[in-house]
Amino acid sequence: MPEADPRLDPGRWAAASFRARGVPSPSPPRPRRGFWRRLGGCCGCCGCCRRGTDDWEPPPGEIPGRRPPQPLRPGLLAPRGLLVGSPADRVAHHTADFACRNLVARRGQVFGLRILLPRPFDPDGDRLCVELTLGPTPQVAKGTHVLIPLGETSPTGWTAEEEEEGEGAEPAAGPALRLCLAAPPDAPIGRYRLSVKTRTAAGEYAAPFDDANDVFLLFNPWCPDDLVYMETTSDLNEYVLNESGRIFYGTEAQIAERSWNYGQFDAGVLEACLHILDRRGMPHAARGDPIMVSRVVSAMVNSLDDNGVLVGNWTGDYAQGTNPSAWAGSVDILRAYHSSGAPVRYGQCWVFAGVMTTVLRCLGLPTRTVTNYNSAHDTDVSLTTDIYFDENMRPLERLNTDSVWNFHVWNDCWMKRPDLPKGYDGWQVLDATPQETSSGLFCCGPCSVTAVKNGEVFLKYDTPFVFAEVNSDKVYWQRQAGGGFAVVHVEEGAIGRRISTLGAGSAARLDVTHQYKHPEGSEEERQAVATATSHGSRPRAGRAEGAPASGEVTVTAAAGPAVAGAELELRAAARNAGAEPRTLRLRLALAPVRYTGVAGAAFRQEQHRRVLPPGQEETVTMTVAYSEYGPHVGDQDALKLTVSGTVEETGQVVAKELRVRLHTPDLTLTLLGPAVVGQETEIQVVFQNPLPETLKGTVFRMEGAGISCPKPVSVGAVGPGQAVRLRQPVVPLRPGRRRLVAALESSRLGPVHGALLLDVAPAAGSTGSAGSAGSAPPATAAPRRRRRPRRAPRTGSTGG
């Protein structure tokens, strides 16, 4: 027989409160505030004391949500138990996959509540109020202590209406009252405690709170009245419900991708996400505003000033934690943070962004992970990216505080912006990677993508910083004989390239550059730059004064196939578009560079002199062996080729930078048996070392939404060219298509990862329907609402 639901125990509430304490006969209850408010006392039968929410407020000294058990006396209507929600509610609220026994609901949408009673409810003589509390100190005035008299609307917009049983409803195990509850579309999100109060002629009974009846309330992007409403269903399936995705990295010319397990529905993740808000001390009453919630999450995903989720580390030394390249998803990170209370080591931009996607999707905000190539980091609010050279056009790295990241990953979340003028709703940039402070905190956004596109950097939040990341001009400065610097070249269109995210409903890369900026060089784009720079620390009219936009001679840079461990070929091509021959003195410098744009010293330099006939092109080739570049590159490192030169006849200066990412092999994953819920199966993993040297200290890990995976495994030393085969057991927890993500950590090799799609079959005897890993309460048929004329109309949208 199935295990009995403990919430249906008829003695759990009604008698245990005094029987367990050995009290022989309960004394008369103390009159509650409001019950005797009118006429100096009231019998409770005429309804004069039941005219508003205040009549149901707790007595002085009682903390809402934590009241002691109340003794029973004859005539009180003491509920035998509560059943909150049903599987049908979980499906309607798009929360069926949450691994949580408690109901997970979305605001602005109805859900069911079944109240088991010792006798039938008498609508003429009985009264009932549903009570919900949020946070440790709930208050009615702040909307965190909700009192909803049956058939009425609370001051904050919550409603409780009686339902009729639908056809085919299961027996209610005795008399029961079926209600339909709904939170307003602007209610604070979080974990609500839920109970009921009843009132008869004999007095008032307040049922105790029970953890099993708590309700998790989330944002509702399916509700038109919610600020996070998104109309397109395919986008909601991708940006709210998809538990895995791809994060793009590499360089503009060498776009790479890795799978990432978001796992927003996995066990413990929802609790960890709410813990993040608690850890920050965010007032519960403010948690209905997606603008403020997203801003808090942006600050808390990094640990710099608030002991948040992740410690950033770009040093290359990860001995005290996990190499950022080794993470396969967000679940292990969030669980570790919630259980230990200590920031997890370590993260870099794609890890911060992956975790923030998980948190925001879990809370109900449509969110996508976005990669910007050639992403500028403006350190002086000039809204330009400045690069300094000496008299001989050698880079002065000590002065180059502005950096250009090979790629940078952040998030976009979808919401309305009532705090901005009309026209700035939609995608908003959020960046959890700690770079610069915003109002004293290491966070960034939400910043309207539309404001970025138009250069309206005076609009909050952090628009100047985001604009510089995607649309600043690259300004080259050369040191002059007197020690000062002059602008010698301006590169327009070099910053903010091929901005990428995962398209909705597909596995393809979606280029969203057009959403962030007008076409390069267009009048609208130049006007946006002029608008933005006029608000910068060095206002200028669109282009650096005295800087030539172009000249007769142009240079380009390119690379052949770049494979870790193999020989590398780099090329610089110079073209003379003029009518006269030109002599070009060209300098090539090759240096290691972090993906954040921080470059090391050049380890290879060459100088060339070329005579360029009119209309002709000359190519200079540089070949570099692994033995030369290998000692300078490590995990996540790339190479930067700087090409600079001067035309002897005209004094024209040319400059170009090329970032080269070294390709690494993928992990090959193979399913060795059938994938069935609850049954262990093995995954074979194959990896081959591409380097002509031994890899040491390699560690392998896996993660997948709805899949129980083993702990990280040490692989040990892997010789040059050696292939390694591992067998790892996994246990699927939910049926359907699941993505398993794997990653290999190594200090001498860049990101190595792989993914495998599993079609998981239901366990034998299971219906195979979608549901959470934690079983739901007993099913009830979908109820029909039964309105009474005295009730106030319900507010908010049904959504879904």
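Rings of Phe, Tyr and Trp (for Trp, the six-membered ring) form a pair if their centres lie within 6.5 Å. By this rule, the count in the predicted model above comes to 16 aromatic pairs. The exercises below start with two of these pairs.

**Exercise 1. Classify the ring pair of tyrosine 388 and tryptophan 477, then find where its two members lie.**

Step 1: The ring centres are 6.0 Å apart, and the planes meet at 20°. Planes under 30 degrees apart count as stacked, so the pair of tyrosine 388 and tryptophan 477 is stacked.

Step 2: Now place the residues. Tyrosine 388 belongs to strand β16 (residues 384-389) and tryptophan 477 to strand β20 (residues 473-479).

Step 3: Are the two residues buried or exposed? Buried means under 20% relative accessible area. Tyrosine 388 has 17% relative accessibility, so it counts as buried. Tryptophan 477 also comes to 17%, and therefore counts as buried.

**Exercise 2. Tyrosine 388 has a ring pair with phenylalanine 485 as well; work out its type.**

Step 1: Here the centres lie 5.2 Å apart and the planes are at 85°. Planes over 60 degrees apart count as edge-to-face, so the pair of tyrosine 388 and phenylalanine 485 is edge-to-face.

Step 2: Phenylalanine 485 is in strand β21 (residues 485-491) while tyrosine 388 is in β16, so this pair ties together parts that are 97 residues apart in sequence.

Step 3: Check the accessibility of phenylalanine 485. The value is 29%, so phenylalanine 485 counts as partly exposed.

**Exercise 3. Find which charged ends sit over the rings of tryptophan 56 and tryptophan 327.**

Step 1: Look at tryptophan 56: the charged end of arginine 199 sits over its ring, 3.9 Å from the centre.

Step 2: Turn to tryptophan 327, where the charged end of arginine 701 sits over the ring at 4.8 Å from the centre.

**Exercise 4. Trace the open sheet that holds strands β26 and β29.**

Step 1: Write down the order. The four strands run β27-β26-β29-β30, and the pairing is antiparallel.

Step 2: Find the edges. These are β27 (604-612) and β30 (653-660), each of which pairs on one side only. From one strand to the next, the twist averages 20°.

Step 3: Move to the pairing of β26 (residues 582-594) with β29 (residues 637-647). These strands are joined by eleven bridges in the antiparallel sense. Arginine 585 stands opposite threonine 646 in β29.

**Exercise 5. Describe the surroundings of arginine 738.**

Step 1: Locate arginine 738 in strand β37 (residues 736-745). Its relative accessible area is 8%, so arginine 738 is buried.

Step 2: Follow the side chain of arginine 738. A polar contact of 2.9 Å joins it to the side chain of glutamate 243. The side chain of arginine 738 also reaches the backbone oxygen of proline 735, at 2.9 Å.

Step 3: Complete the picture with residues beyond four places in sequence. Those in contact with arginine 738 include Ala705, Ile707 and Val760, along with Glu243.

Key: Residues are numbered from 1 along each chain as its sequence is written. This is a predicted model: local features need pLDDT of at least 70, side-chain atom pairs count only at pLDDT 80 or more; totals for chains, interfaces and linings use all residues. Side-chain values use heavy atoms; hydrogens and water are left out. Buried means under 20% relative accessible area, exposed over 50%, partly exposed in between (1.4 Å probe, protein chains only). A charge sits over a ring if NZ of Lys or CZ of Arg is within 6 Å of the ring centre and within 35 degrees of the ring normal. Two strands pair if DSSP finds at least two bridges between them. Axes are lines fitted to C-alpha atoms, for helices over the stretch in contact, and angles run from 0 to 180 degrees between N-to-C directions. A polar contact is a pair of N or O atoms within 3.5 Å; within protein, one must be able to donate a hydrogen and the other to accept it, and residues adjacent in sequence count only if both atoms are side-chain atoms. Contact means heavy atoms within 4.5 Å.
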